[in-house]
Amino acid sequence: MSPSESDPSLISAAPTERISIPEYAMALAQVASLRSEDPFRKVGAVAIDHANRVIGTAYNGLAPGFVAPVGFWADRDARQKFMLHAEVNLCSLFTRGSVKLVAVTAKPCTSCMQMLCAYGIREIYYRDEYPASEANLLAELYGVQLVQLTRYPHIG
């Protein structure tokens, strides 16, 4: 007989409030963003499959193995075109149709939103606005749920 069977007071009650899968994914995306080497904008992303399992995490940065030359990070505008977005890095980790939802710490830019739609992702959650993005228009056209999360566990 287990201890909980002999003493019902040892059975723990179910948590009164459990975070949702999108909130969980956003918390993980926030942690992933901490790996970004970009001093100006740290973005993290997480992919969740149809069984609610994490199948990938990613962040924005330079191509793997590339070592930035001295002074590279000083000019935000000059280095921006070389950055690989978190969503691009994330999509390299799975195949089309295998992901239920993506959480990203910033609203996807237009190109990243196009790619997420092409990968068949039906739910995209983001934390921070990105005004230059046409993500809302693409979400409407393709029937993708695009939701800003304001409630999620904060890290740090």
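This is a predicted model: local features need pLDDT of at least 70, side-chain atom pairs count only at pLDDT 80 or more; totals for chains, interfaces and linings use all residues.
If you trace the hairpin of β1 and β2, you will pass 5 residues between the strands, among them N52 with a positive phi near 65°.

How buried is β1 itself? Of the 5 residues in strand β1 (residues 44-48), 5 are buried, so the strand is largely enclosed by the rest of the structure. In a regular strand, side chains alternate between the two faces of the sheet. For β1 both faces are covered, with G44, V46 and I48 buried on one side and A45 and A47 buried on the other.

Now let us turn to the aromatic rings. The structure holds 4 aromatic pairs. One of them, F72 with F82, is tilted, at 6.0 Å centre to centre and 50° between the planes. F72 sits in the loop between β2 and α3 (76-80) and F82 in the loop between α3 and α4 (86-91), so their pairing ties together parts 10 residues apart in sequence. F72 is buried at 14% relative accessible area, while F82 is partly exposed at 47%. Both rings also belong to one aromatic cluster with F66 and W73.

Another pair brings together F94 and Y119: the ring centres are 5.4 Å apart and the planes stand at 80°, so this pair is edge-to-face. Because F94 lies in the loop between α4 and β3 and Y119 in the loop between α5 (110-118) and β4 (123-128), the pair links parts 25 residues apart in sequence. F94 is buried, at 8% relative accessible area, whereas Y119 is partly exposed at 24%.

Methods: Residues are numbered from 1 along each chain as its sequence is written. Side-chain values use heavy atoms; hydrogens and water are left out. Buried means under 20% relative accessible area, exposed over 50%, partly exposed in between (1.4 Å probe, protein chains only). Helices (H or I, at least four residues) and strands (E, at least two) are DSSP runs, numbered from the N terminus. Two strands pair if DSSP finds at least two bridges between them. Rings of Phe, Tyr and Trp (its six-membered ring) pair if their centres lie within 6.5 Å; planes under 30 degrees apart count as stacked, over 60 as edge-to-face and the rest as tilted.
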